Amino acid sequence: MQARLVVLIALSFLIAACGSALAQSSAALSDMTKAMLGNWEFSNADRDKTCIISFKLDNAPGGRMLELDKNCGTTFALMREVSGWTVGKNDSLHLIDGKGKVVLEFTEVENGLFESSHAGDSLYFLQTQAAAEGRDHTPDQMFGDWAFARASTPGKPICQISLLDTAADTESFALRVKSGCDALIGNFGPRSWRMDRGQFVLLPVKGDAWRFEESDNVTWRRIPEGRQPLLLIRQGQNAR
């Protein structure tokens, strides 16, 4: 009986430690890491060769996971070595191989545009897929009425909000949340919003922000999806 009690106590400590580690890991995510999530275009200097990279939060050897478009390895031979990514000193971006060795290092030269340090005689660039396709939105394109919906039931809004053209503070715009919202949104507590590197960022009264990536001209999806995939959908006559 005593042995069983000791095992149960040990397990409880182990579970608590794991939970604490996960919480710290989540809290330790930098704004730079969060801003990299989603799809980016990798290109050469002339931009006559391109491929799409999807940055993920999942762990990979030496860093975090990424997914390469199927043509990346044939278009760019050095991309065959790349299997993950990480953020280095001064928010430099590293594309790494399976052993954690840096294959390419990038520095942000403009908001949402990264340039590689020279790899031989070649120069490479990264920009969000939305920017590459001319879909990079400015705040004035986002003003108006929107609705949250679960990805599994996009036709059933769970909360209505209005993105306002007035400032909430020096870095974000105000919003108005309509009554009758689902607890998922109510517990988050939206306070204000802004755009960052082609992503829509929703800021709460307290806690971590939510980030959304454009799926089409009226729909944005939360990244990372998490256990409850969430959509933000433009409403009414403002949909275009």
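Entry 1: The model is a predicted one, in which local features need pLDDT of at least 70 and side-chain atom pairs count only at pLDDT 80 or more, while totals for chains, interfaces and linings use all residues. Residues are numbered from 1 along each chain as its sequence is written, and side-chain values use heavy atoms, with hydrogens and water left out. Strand 9 (residues 144-150) pairs with strand 16 (residues 230-234) in the antiparallel sense over five bridges; pairing requires at least two DSSP bridges between two strands.

**Entry 2: Ser-162.** I placed Ser-162 in strand 10 (residues 157-167). Ser-162 counts as buried because its relative accessibility is 3% (buried is under 20% relative accessible area, exposed over 50%, partly exposed in between, with a 1.4 Å probe and protein chains only). The side chains of Ser-162 and Asp-145 are joined by a polar contact of 2.6 Å; such a contact is a pair of N or O atoms within 3.5 Å, where within protein one must be able to donate a hydrogen and the other to accept it, and residues adjacent in sequence count only if both atoms are side-chain atoms.

**Entry 3: salt bridges.** I searched the whole structure and found nine salt bridges, each a side-chain nitrogen of Lys or Arg within 4 Å of a carboxyl oxygen of Asp or Glu. Asp-182 forms one with Arg-150, the closest N and O atoms being 3.2 Å apart. This pair links distant parts of the chain, 32 residues apart: Asp-182 is in the loop between strand 11 (173-177) and helix 5 (183-188), and Arg-150 is in strand 9. Asp-182 is partly exposed at 23% relative accessibility, and Arg-150 is partly exposed at 24%.

I then examined Arg-197 and Asp-196, whose side chains meet in a salt bridge (3.4 Å, N to O). Both Arg-197 and Asp-196 are buried. Salt bridges with shared partners join Glu-108, Arg-194, Asp-196, Arg-197 and Arg-211 into one network.

Key:
Helix = DSSP H or I, 4+ residues; strand = E, 2+ residues; numbered from the N terminus.
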